[in-house]
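We will go from stop to stop, and at each one you will be told what to select.

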Amino acid sequence: MTETTAKERRSAKRIAIDIGGTFTDLALIDDDGLVVTHKRLTTPRDPVEGFVEGVSELLALAGISPSLVREIRHATTLGSNVVIERLGAPVAFVTTKGFGDVLQIQKAVRYSIYDTRMRKPEPLVPRSRTWEINERMMASGEILRPLDPEETSRVVSQIRAAGARAVAVGFLHSYANPLHEERVKEVFAREAPEIDVTLSSEVSQMAKEYARFNTAVTNAYLAPIFRDYLSRIEAAFRARGVSAPLWILQSSGGLTSSERAAALPVRSIESGPTAGVIMAARRSNLSGFDNVISFDMGGTTAKASIVTNGRPTISRSFEIDRLEMRNGSGLPLDTLAVDLIEIGSGGGSIAQVTAGALQVGPRSAGSEPGPVCYARGGKEPTVTDAALVLGYLDASSFAGGKMRLDRDAAVEALAALGGRLGLDAVQAAWGVHQLVCLNMERATRLISIDKGLDPRDYAMICFGGAGPVHAARLARGLGVKQMIVPAGAGVGSALGLLSSLEKTELARTSKVLVDGDCIVATARQIFSDLRRQAASTMGRDPADPRLLARHIVGLRYIGQGYELEIELPPVWDEGLGTKLRDAFGALYSNVYGYAENLPLEATTWRIALESMEPNLDEKLSMERAEGRPALKRQRRAYFGETGETQIDVYDRYAMGAEDRAIGPCVIEERDTTTVLLPGDVGRIDEHGAIIIEIGKAAQ
Amino acid sequence: MSEIDALTVSVIWGRLVSIAEEMGVTVRRTAYSEAVREGGDFSIAVFDAAGRMLSQADLSPGHLGAMPFAIGNMLKSYPRETLKSGDIIIMNDLYMGSGHLPDFYCMSPVFLELNIVGFVVASAHMVDVGGIKAGSQAVEGVTERFQEGICFPPVKFYDAGVPVGEITRIIEANVRVPTKVIGDLKALRNALHSGGQALSSLFATYGVERFTAVANRILDQSEKAVRDSLSEIPDGDYTYEDWLDDVGPGTEPVKLAVTVRVRGSEIVFDFSGSDPQTASAINSPLNFTRAYCYWATKALTTRNEIPQNQGQTRPVTVVAPDGNFFNPSAPAAAGGRAMLNQRIPELIFGALAQVAPERVTAGSGQWANPIINGIDPRTGQRFVFYDYLVGGVGARASADGTSALSPVFSLENIPVEIQENAYPIIVESLGILCDSGGAGRYRGGLGLYKEVRILAESAEVSNLSDRHKNGSYGLHGGTNGNVGRSILNPGADRPVAMHSKGTYALKKGDVVRYECSGSGGFGDPKERPRHAIEEDLREGRISEGAALTAYGMRSG
């Protein structure tokens with residue numbers, strides 16, 4: 001990252017800001033492709049305050065006037081935090097008469113079939129805040145029982161009296177005919193305009209009531225919070241003369257406008273961790289790695305995800321708040337999302353003694369009070385305190401020297417903890433360090449070994465402020481042989497945001513037999529409609545040539561319940577039906593072993609519209625400090641393998657292509673520190689990434 | 001053999017489990033019946049060349065526990081040395097498989113070069129296999145299995161990758177909904193194909209010798225975990241008795257009894273004290289009895305902490321004399337035996353409730369598995385609507401029972417929107433039944449109710465449930481769950497009380513209401529905290545009347 005002096009009239013092409021539980025990471029790129037980054041503590045009581053101040057600090061650092069910012073991009077953990085901690089708005093749920101228990105019944109699946117203690121996930125709306133209305137659609141979309149306007153008004157006034165801030169409406173078969181849901185929304189708009197309304201037909205066009213209703217309920221649960229949050233950010237920026245549009249990263253990895261994110265917050269529920277995976281995929285690809293484990297460790301949590309062939313894994317639906325990744329243990333959402341696992345192991349995770357045994361996390365000291373060494377009132381030792389005591393972090397160069405750490409206080413707190421187990425401060429710190437690495441190893445196993453992927457076949461890309469501190473030990477536990485620490489690893493998620501693209505996906509269900517010319521006419525009609533809709537949500541002209549469209553059709557043999565997706569070829573002529581049949585037959589037999597000679601139907605039609613932009617990653621050049629020696633100094637550090645020992649401390653910015661860092665050693669940079677264990681060998685590649693061969697020197 | 005590192009063992013074990021799970025995804029995604037593709041009424045397991053079950057997809061315990069016996073029976077008809085790559089053997093014999101004809105087993109040998117290195121097995125519940133009533137699990141009027149549909153001993157469905165046309169044509173001629181049945185069988189075939197390839201490549205990666213060493217280690221470690229846990233239960237003989245309401249309209253109750261003998265790390269389940277087999281469609285063939293004894297053993301010991309495999313059944317012995325209700329002899333029928341799945345663990349839990357109260361639950365709500373059939377006016381075709389709804393789970397020593405959840409199997413609730421798309425019905429309601437759970441310090445889970453209106457001109461329902469007379473037991477002072485009911489036209493002038501196992505003719509506009517029984521409570525109701533009772537009232541789990549009678553609490 002290039003540190004620059006103030007230049008007159010320089011304008012910021014875009015600013016990216018990723019707010020985590022402990023740290024807020026920022027990055028900007030200017031018109032010349034120069035990148036400036038910044039890291040600060042999150043302000044949990046009011047994230048908006050930290051957001052606005054962070055941007056001001058970043059602009060000051062870059063010497064750019066607020067009025068010359070052209071675009072702000074944001075990733076936030078707000079959505080998942082609110083759901084996991086059940087901190088959302090009081091929501092009411094309105095549904096079809098006879099079906100008020102859908103959210104309580106759920107899938108009714110034993111996700112642990114042998115465990116008699118298994119619990120269902122806690123729904124976001126209790127039965128006591130559910131209202132039934134006597135209306136009914138049929139599966140065909142015909143009205144069986146019309147909606148009674150008087151009953152609807154009565155329910156609206158009861159919901160208002162119950163103090164709900166938001167309401168979700170989920171009627172059976174609304175994917176086939178949304179009329180009744182829309183009518184209820186009109187009544188709310190007229191009679192209770194202060195209540196946010198989410199319709200299940202707005203968030204999903206899929207049959208299967210529980211997942212669709214739950215998606216609507218989750219959206220309603222988040223809507224008032226997102227709306228307040230985003231409008232306060234925009235107001236604060238306007239007050240400071242920034243009028244740039246605000247973009248929010250969705251769980252799918254695509255950007256969306258703040259208006260759309262406020263209306264459909266459920267699509268941004270995994271916004272925070274997603275940005276990092278995008279960065280991981282792009283940067284590891286640049287350094288020549290296609291299959292990597294993305295490992296992101298911040299102050300509050302650690303996230304792991306698998307990147308295969310250079311692409312993050314994306315699911316069409318997922319469950320939030322799952323237990324050990326078991327299907328059915330979380331709340332299902334009909335939205336696109338990057339596959340990842342997140343656990344409560346971060347730099348701020350608190351160590352304690354429970355039942356005579358050391359335990360780390362999931363409780364976190366966050367940014368307030370923060371680890372003991374931050375000297376902001378924290379009294380309980382954390383993972384970061386342990387890293388400082390072990391000599392992995394340096395008290396005076398943490399956060400580029402902006403934050404001085406209190407090593408003595410950390411030693412004292414760890415000594416007190418260790419005292420209860422007969423350990424000294426260093427031994428206790430070593431225990432904490434090992435335990436947090438084991439927790440992360442377990443989580444990473446769930447997405448690799450438990451899916452039959454051998455982590456030894458993968459490289460690991462690590463980032464987040466605490467990631468490179470712990471990754472080498474995690475890599476050893478998993479048998480990973482190569483580790484990548486990309487340029488700007490400490491603010492990796494913010495860099496991921498800088499290179500994200502605006503993306504909109506829309507789908508529609510419509511059953512058409514694939515047998516002749518009729519499929520061409522249908523495809524033209526449905527896709528031009530979808531393109532118009534998708535472009536309009538992006539505020540673009542449907543004919544805009546910079547919009548790249550992918551047209552995808554879900555096909556199945558008539559009578560089956562699940563589709564295989566085929567991307568349409570660029571040209572749709574009379575041969576389309578045959579092409580689809582052939583492509584489906586080939587795919588079906590490739591996936592399942594046998595193709596059938598049975599009638600085929602198209603059921604779902606999906607458009608993915610992406611705004612084309614040059615890839616920025618090649619431009620993100622590594623800051624260089626020519627002439628400075630790569631080896632800064634030496635200090636004492638503790639490793640289980642060696643005991644306390646003298647290690648080299650390298651300056652990342654001064655390392656050249658010919659330099660080799662041999663572990664045990666550390667490589668320091670502004671926002672993170674990379675720890676190499678005995679035998680590890682690190683070098684800098686041409687993209688500024690540190691490539692570490694695990695245990696290579698020891699062989 | 002060099003020492004194998006723990007990481008390699010973990011990777012192979014993880015891969016074995018994920019192969020089974022991926023096969024499950026294939027079945028679901030290519031199946032034709034709602035019961036299989038939405039409900040998940042199928043199972044998968046992976047075996048080694050010696051026929052030992054190494055892993056399974058955690059789906060239906062009834063299929064899974066019976067699988068090692070099923071594969072053994074198939075190999076008797078088709079010895080290993082006669083099998084070719086691409087062969088698929090199918091079988092639905094109730095005594096060789098999992099206890100009723102709708103369960104079809106498909107098995108394929110897995111080759112590495114010229115040698116069999118393992119087997120992959122997939123099984124599924126077919127929505128119809130012929131017989132006296134649609135759905136092939138009717139109880140009324142059935143006395144022997146010949147009335148229950150077509151029965152295949154092990155036969156070849158595919159021969160070296162080529163479909164055996166005769167078998168397909170025989171199936172088509174004998175079942176009421178051939179498209180769904182053939183479609184589901186092909187879904188199983190698809191899973192065997194992909195699973196077989198994956199298993200073969202796993203062997204290729206690690207080599208047969210190394211793989212076998214790992215398999216031995218997985219089975220031995222798993223066995224030890226179960227034995228370690230069983231050793232903590234005090235030695236002794238523990239007996240429990242319960243009653244099945246009856247085996248159809250006009251029949252007598254059936255005594256269900258078990259003696260659990262714990263000796264060190266061994267456990268014996270002895271059903272000798274139960275009544276003899278019945279001349280009805282409700283009997284528990286031995287493989288089915290075994291399957292749920294294995295389920296209970298795992299629930300008592302390793303739960304979901306380690307994936308299931310055959311090592312964990314080694315400490316278990318199941319005793320049931322020939323002709324016993326839990327080991328009926330041919331030609332006993334068993335189409336309705338699914339009602340018994342939860343009853344086997346419940347007997348075992350009842351027996352161990354005094355010595356290991358923290359490992360068991362009170363009695364659970366009885367599930368219902370009614371089948372409606374008729375002609376769909378939209379298509380003019382026959383439909384068979386296989387439905388089910390679950391009771392709840394019994395309360396435990398430290399928690400309320402979960403409502404609307406099966407205590408034993410993993411079937412998913414089939415979405416109402418899917419059912420109404422597929423069948424000429426309107427579901428008028430599907431909810432959780434207030435007051436159905438037993439009272440206690442911890443309340444029993446509540447059961448489901450459902451009302452289905454018929455849109456076909458005429459139709460027929462074969463009901464299948466129990467506990468319409470005897471509620472599920474409470475423990476340590478907790479009261480029993482409420483009994484279930486089945487009602488024809490509940491809102492009409494003259495509603496008809498339906499028998500839990502009766503068959504009834506239906507006409508357009510009729511409504512059938514099913515109510516599952518509730519689960520038993522645990523501990524003295526007087527010790528239930530006031531806030532818990534208030535929450536139950538607020539959330540509609542108990543009525544004000546029940547708050548007063550069961551807990552002595554007046555509201556307000």
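**Before you start**

This is a predicted model, in which local features need pLDDT of at least 70 and side-chain atom pairs count only at pLDDT 80 or more, while totals for chains, interfaces and linings use all residues. Residues are numbered from 1 along each chain as its sequence is written, and chains are lettered from A and ligands numbered from 1 in the order in which they are written.

**Stop 1: colour by confidence**

Colour the model by pLDDT, the predictor's confidence in each residue, from 0 to 100. Chain B averages 95, with 99% of its residues scoring at least 70. Chain A averages 90, and 96% of its residues score at least 70. Now select residues 1-8 of chain A, where the pLDDT is below 50. Beyond near neighbours in sequence, this stretch has 17 contacts in the model; two residues are in contact if their C-beta atoms, placed from the backbone, lie within 7 Å. Where pLDDT is low, the predicted coordinates should not be read in detail. For the model as a whole, the scores are ipTM 0.95 and pTM 0.91.

**Stop 2: where the chains meet**

Show both chains: 56 residues from chain B and 43 residues from chain A take part in the contact. Which element of chain B gives the most to the side that touches chain A? Select α1(B), residues 6-30: it contributes 11 residues, the most on that side. Helices (H or I, at least four residues) and strands (E, at least two) are DSSP runs, numbered from the N terminus. Other elements giving two or more residues include α5 (178-206) and β14 (425-432) of chain B. This side of chain B holds 20 nonpolar, 20 polar and 16 charged residues. Here Ala, Val, Leu, Ile, Met, Phe, Trp, Tyr, Cys and Pro count as nonpolar, Asp, Glu, Lys and Arg as charged, and the others, Gly among them, as polar.

**Stop 3: two domains of chain B**

Colour domain 1 (6-224) and domain 2 (361-556) of chain B separately; the bounds come from an automatic or database domain assignment. Their C-alpha centres lie 32 Å apart. Domain 1 of chain B puts 21 residues into the contact and domain 2 of chain B puts in 20 residues.

**Stop 4: a helix pair in chain A**

Select α1 (47-62) and α7 (209-239) of chain A, which pack at an angle of about 35° with their axes 10 Å apart. Axes are lines fitted to C-alpha atoms, for helices over the stretch in contact, and angles run from 0 to 180 degrees between N-to-C directions. Show side chains for A:V48, A:F51 and A:V52 of α1(A), then for α7(A) residues including A:Y229 and A:R232, and you have members of the contact.

**Stop 5: an open sheet in chain A**

Finish with the open sheet of 4 strands in chain A, ordered β29-β30-β32-β33 with mixed pairing. Two strands pair if DSSP finds at least two bridges between them. Why is one side of β29 (631-639) and of β33 (673-676) left without a neighbour in the sheet? Both stand at the edges, each with a single partner strand, so one side of each has no neighbour there. Neighbouring strands are turned by 25° against each other on average, direction ignored. Next, select β30(A), residues 643-651: 8 bridges join β29(A) to β30(A), and the two run antiparallel. Zoom in on A:F639, whose bridge partner in β30(A) is A:G643.
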